[in-house]
Amino acid sequence: MIYGERIRFRHIEREDLPSFAQWINDPEVREGIGPYLPMSMPNQEKWFEEMLNRPLDEQWFALEVREGEGWQMIGNCGFFGADHRVRSMEVGIMIGDKGKWGQGYGTETMLLLNKVGFDTLNLHRIFLRVNENNPGAVRCYEKAGYVHELRQRQAALADGEYIDLLYMGILRDEWLRDKISQSN
Ligand SMILES: CC(C)(COP(=O)(O)OP(=O)(O)OC[C@H]1O[C@@H](n2cnc3c(N)ncnc32)[C@H](O)[C@@H]1OP(=O)(O)O)[C@@H](O)C(=O)NCCC(=O)NCCS
C-alpha cells in the first residue's frame, strides 16, 4: 500500500474490473478520459492482462478512500509511457465514483502520484494530457503543481466538435521547491 492523508493506492485485482467497467460505461465519467466507447468485461479483462505484462512501474493503482473503519475504492490512477532516458512518464487518473468528485480527492491523488513518481520511481518529469473541456481536471492538476506546457489545437473530439488537447507537466525541481516552501 502507498498511503496519503485520506487516500491509499493498492494494486489492482481482477475483482476490481466490474467497478471499472461500470465507471467507464458512465458517459459523464468517460467524457474526460481516453476510451470513447462503452467497454465490455472482456475488454476490461484484456486491459488487465496486458497491464500485468507491463513493467511494475507501469501497472496502475486502485485508488481508495477511508470509509469508516475500512477503505472504499473510488477510482484508479497510475503511470505509463516511460521514457527511461529522459526519466519521464505520463500520468492518468479516473475517479469513477461521481459522489466523490469535488472533495479534493483528485488533487490529493495527484500529489501522492507526484511523490511516488519523484521519490520512488526517481522520475525527472511527469506529464499528462487533458481535454480543454475538462476544467475541473485542469484545476485539479494546477493545484497539484502542474503547469501548462502546450496546447495541441483540435487534437481531440467531443460531441462531434474538435477541441484542443492540453499538455501539462511538473519537473522534479518544481516539486522539490513546492515541497520545501510548504514545509516552511
Ligand atoms: C478530474 C478528476 C480527477 C478531478 O478530481 P476531483 O476530486 O473532483 O478534483 P478536486 O476536488 O481535487 O479539484 C477539482 C477543482 O476543480 C474545480 N472545478 C470543478 N468543476 C469545475 C468547472 N466546471 N470549472 C472550473 N473549475 C471546476 C473545483 O472547484 C476544484 O477546485 P477548487 O478546490 O479550487 O475549488 C475527477 O473529476 C475525475 O476523475 N473525473 C472523471 C475522469 C477524468 O476526467 N479524468 C481526468 C482525465 S484527464
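**H6.** I started with helix H6, and it is hardly covered: among its 12 residues, the count of buried residues is 1. I took buried as 20 or more other C-beta atoms within 10 Å of a residue's own, exposed as 12 or fewer, and partly exposed as in between, with C-beta atoms placed from the backbone. Helices (H or I, at least four residues) and strands (E, at least two) are DSSP runs numbered from the N terminus. H6 covers residues 172-183 and reaches 17 Å from first C-alpha to last, close to the 16 Å expected. That expected span is 1.5 Å times one less than the number of residues.

**Ground rules.** This is a predicted model, so I kept in mind that local features need pLDDT of at least 70 and side-chain atom pairs count only at pLDDT 80 or more, while totals for chains, interfaces and linings use all residues. Numbering runs from 1 along each chain as its sequence is written.

**Sheet.** Next I traced the strand order: 8 strands make an open sheet, E1-E2-E3-E4-E5-E6-E8-E7, with mixed pairing. Strands E1 (2-3) and E7 are the edges, each pairing on one side only. Pairing here needs at least two DSSP bridges between two strands. In the parallel sense I noted E5 and E6 (residues 125-131), joined by 3 bridges, with Glu-90 opposite Phe-127 in E6.

**E7 and E8.** E7 runs antiparallel to E8 (residues 161-171), with 8 bridges between them. I found Leu-150 bridged to Tyr-167 in E8. Their hairpin has 2 residues between the strands, and Asp-159 takes a positive phi near 55 degrees.

**E3 and its neighbours.** E3 (residues 61-67) has 5 of its 7 residues buried, so the rest of the structure largely encloses it. On one pairing, E2 (residues 7-11) meets E3 antiparallel over 5 bridges, and Arg-8 stands opposite Glu-64. The E3-E4 hairpin has 2 residues between its strands, and Gly-68 in the turn has a positive phi of about 60 degrees.

**Ala-82.** I checked this E4 residue and found it partly exposed, with 17 other C-beta atoms within 10 Å. Beyond four places in sequence, Ala-82 contacts Asp-57, Glu-58 and Met-89; contact means C-beta atoms, placed from the backbone, within 7 Å. Ala-82 and Asp-178 are 96 residues apart in sequence and 24 Å apart, C-alpha to C-alpha.

**Core.** Which members of the largest nonpolar core touch the most others? Phe-61, Leu-63 and Tyr-141 do, out of 39 residues. Helix H4 (residues 105-120) gives this core its largest share, 6 residues. A nonpolar core is a set of buried Ala, Val, Leu, Ile, Met, Phe, Trp, Tyr and Cys residues joined through C-beta atoms within 7 Å. Leaving out residues up to four places away, Phe-61 touches residues including Phe-9, Ile-12 and Cys-77.

**Ligand.** Last, I listed the 21 residues around the ligand: Gly-32, Gly-106, Thr-107, Gly-136 and Arg-139 come nearest. Being near means a C-beta atom, placed from the backbone, within 6 Å. E5 (88-95), H4 and H5 (135-143) each supply at least two shell residues, and the largest share, 5 residues, comes from H5.

Note on methods. Two residues are in contact if their C-beta atoms, placed from the backbone, lie within 7 Å.
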